[in-house]
Amino acid sequence: MLEIKNLNAGIEDKDILKGIDLKVNAGEVHAIMGPNGSGKSTLSSVVAGKEEYEVTGGDILFENESILELDAEERAHKGVFLSFQYPVEIPGVSVTNFIKTAINETRKAKGLEDMPASDMLKMIREKSELLEIDRKFLSRSLNEGFSGGEKKRNEIFQMAMLEPKLAILDETDSGLDIDALRIVSNGVNKLRSKDNAVIVITHYQRLLEYIVPDFVHVLVDGKIVKSGGKELALELEEKGYDWVKAELTA
Amino acid sequence: MSLKDKLLSSYLTFQENTDLDNSIHDIKDEAIKVFEEHGFPTRKDENWKYTSLNSLTKPDYSLVSHADDAIEFKDVKKYFLNDIDTYKIVFIDGVYSSYLSETTHDGVDVCLLSSALTKPKFKQVIDVYFNKIAKKESLTALNTAFAKEGAYIYVPKSRAVNKPIQIVHFSTGNEANLMLQPRNLIVAEENAEVQVIERHQSLNSNAVFTNSVTEIYAGKHARVDYYKIQNDKENASLIDNTHIDQQESSEVSVHTFSFGGKLTRNNLSFYQNGEHNNSILKGITIIEDKQHVDHNTLVHHKQPNCESHQDYKGIFDDKSTGVFNGKVVVDAIAQKINAYQSNNNILISDKASINSKPQLEIFADDVRCSHGCTIGQLDEDALFYMRTRGIGVKEGRALLMYAFANNVLESVKIPQLKARITNLIADKLGVNIGFDL
């Protein structure tokens with residue numbers, strides 16, 4: 001589904017990603033772990049299409065086609081979804097209207113008519129129940145004054161509504177208490193299928209107890225330096241990132 | 001000949017045809033003297049520092065239209081609010097169109113100012129209110145001297161007009177350059193209620209310069225809601241002078257939606273002459289190219305225990321320019337005043353500009369007056385966030401801009417009008433998305 005080949009990218013002459021290779025197939029969950037400043041968030045932003053980052057080498061293929069030349073919204077239309085570490089507050093736009101607009105703009109891009117209002121309402125009801133979201137919450141301005149947990153739940157709610165093929169969850173566990181973590185992970189797990197894939201980006205192993213990955217990759221200084229199964233996350237938790245770094249320099 | 005000289009000499013010709021015994025004649029004579037003395041304001045005048053009338057006073061205007069002004073309803077239908085029942089007072093090149101209008105004398109008077117100024121049965125009201133609310137400044141005086149036509153709305157004590165009233169001024173463009181000076185008088189007596197929607201619309205691209213005056217009187221406990229739709233063509237300019245006299249416990253709101261036109265200046269003055277008044281002044285400006293919109297507001301708190309709420313939002317693209325000059329005066333006896341003023345702006349282009357100037361003159365010591373002004377840009381992070389959810393740049397910008405201006409619409413009391421304004425905003429922003437936030 002997603003194939004990243006020798007990806008080099010940076011911002012304002014500063015190299016951040018220095019040759020990333022990653023292959024994600026449908027039905028898989030990959031975790032990317034790494035210390036602060038290793039390039040985790042840059043990787044997710046570059047895949048999602050943030051223009052501030054310049055890709056200086058390599059390629060990103062989605063369903064066997066390069067998406068480097070596509071705008072962020074075009075990537076979204078193809079089925080790429082990025083859950084933000086810090087979701088942006090948009091005063092004056094309600095959660096419901098935002099998701100309605102997002103869905104209908106995506107449908108428009110595919111040459112489809114707007115989703116009938118009754119279908120939309122039904123879907124909103126189903127997905128908000130899945131994430132234990134109160135109806136009142138849906139009429140509030142998007143992310144404005146939301147707690148950390150509410151913001152993340154809202155991200156996963158949008159993911160549930162948009163039904164992406166590839167979801168990248170950037171530090172979804174940060175700012176979550178244990179209950180919110182359970183609800184959010186539960187939501188993600190219910191959305192997993194053989195047809196979609198998830199990349200979980202996280203600093204800590206904690207989230208991976210709830211969303212169990214098939215593969216774990218360790219990102220250090222813009223490179224994937226170690227890959228393995230879910231047990232690698234535990235090893236990292238125990239020994240810390242210095243262990244990987246020490247192994248590298250050895 | 002300058003426009004001023006032309007107007008002065010035309011005045012004499014106009015007056016030859018009028019009834020010298022009518023008391024209005026003296027009012028007009030006095031008014032033309034005020035205009036003769038002061039002329040058109042210039043940028044040396046502090047109140048006109050950021051708006052120049054030079055380009056407006058250069059053309060050689062026709063002061064009346066000579067052509068046949070018949071227009072078909074189907075051709076102008078889109079300029080009316082059609083999905084609700086309304087009264088309509090319609091003018092074409094300054095002349096009343098009975099064909100397009102729907103007036104009434106059933107319990108309330110919704111008719112023509114020309115009738116009111118000349119027929120004896122209206123004399124009592126005219127004597128008390130006509131030209132009594134308006135201040136004697138130059139442009140209002142110019143209008144007083146020339147005005148022959150406009151809307152006359154009289155709502156007697158404890159009456160409510162049963163449907164909104166649309167006042168529409170069309171200009172046909174039959175003259176290359178036309179100057180119009182409509183005059184409206186709206187009197188809502190004690191506990192009366194009325195809603196008015198006003199629009200100036202030119203039908204082709206010839207130049208029109210409208211100098212409009214509206215006087216509004218709100219008696220005790222009266223409620224007046226006035227909505228101005230300013231979405232005219234590129235060569236149409238408007239100076240709107242609106243003067244409002246509020247008596248005890250009255251509530252008056254004026255919403256101004258400025259999306260079109262070449263130069264628009266709104267002189268909006270509220271005089272609170274009773275206690276427990278509430279004055280609401282709101283506006284949304286969305287302009288582009290070289291359009292210019294200037295809001296010059298005054299709220300004069302002359303009595304204690306009153307409120308005023310001002311909220312103006314502006315979005316400026318290309319080389320468009322905006323001005324907000326909001327003056328709040330609180331007299332020494334006007335204690336316990338709550339006066340709020342807020343002016344927020346977004347500059348889309350680095351060539352667009354806004355001059356925002358709050359002016360507070362407070363002589364009472366127990367008052368709460370707040371004012372805030374912001375000038376910013378669209379939030380790029382929010383835009384990226386929206387794009388990752390499949391909302392394109394144009395639609396994302398539109399959604400952000402609408403969300404920014406949206407709260408001004410909350411106080412619009414006519415749902416169909418709110419929907420219409422929302423559509424105008426979507427049109428203006430060039431998108432086809434529902435804004436049902």
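Predicted model: local features only at pLDDT ≥ 70, side-chain atom pairs only at ≥ 80, totals over all residues.
**View 1. Secondary structure across the annotated stretch of chain A.** Residues are numbered from 1 along each chain as its sequence is written, and chains are lettered from A and ligands numbered from 1 in the order in which they are written. An unreviewed UniProt entry annotates residues 2-246 of chain A as "domain: ABC transporter", with positions given in the numbering used here, feature names shortened, and annotations that may be inferred rather than shown by experiment. Chain A holds nine helices and twelve strands.

**View 2. Overall dimensions and burial of chain A.** The C-alpha trace of chain A spans about 60 × 40 × 35 Å along its principal axes. Of its 250 residues, 44% count as buried, that is, 20 or more other C-beta atoms, placed from the backbone, lie within 10 Å of the residue's own. Among contacts in chain A between residues at least 6 apart in sequence, 72% join residues at least 24 apart, a contact being a pair of residues whose C-beta atoms, placed from the backbone, lie within 7 Å.

**View 3. An open four-stranded sheet in chain A.** Four strands of chain A form an open sheet in the order 2-1-4-5, with antiparallel pairing; two strands pair if DSSP finds at least two bridges between them. Strand 2 (14-24) and strand 5 (65-66) of chain A stand at the edges with a single partner strand each, so one side of each is left without a neighbour in the sheet. Strand 4 (residues 54-62) of chain A is joined to strand 5 of chain A by two bridges and runs antiparallel to it, and A:Phe62 stands opposite A:Glu65 in strand 5.

**View 4. The side of chain B that touches chain A.** Here 19 residues of chain B are in contact with 23 residues of chain A. On the chain B side, the elements giving two or more residues are helix 8 (380-388) and helix 9 (393-405) of chain B, and the largest share, six residues, comes from helix 8 of chain B.

Note on methods
Buried ≥ 20, exposed ≤ 12 C-beta atoms within 10 Å, placed from the backbone. Contact = placed C-beta atoms within 7 Å.
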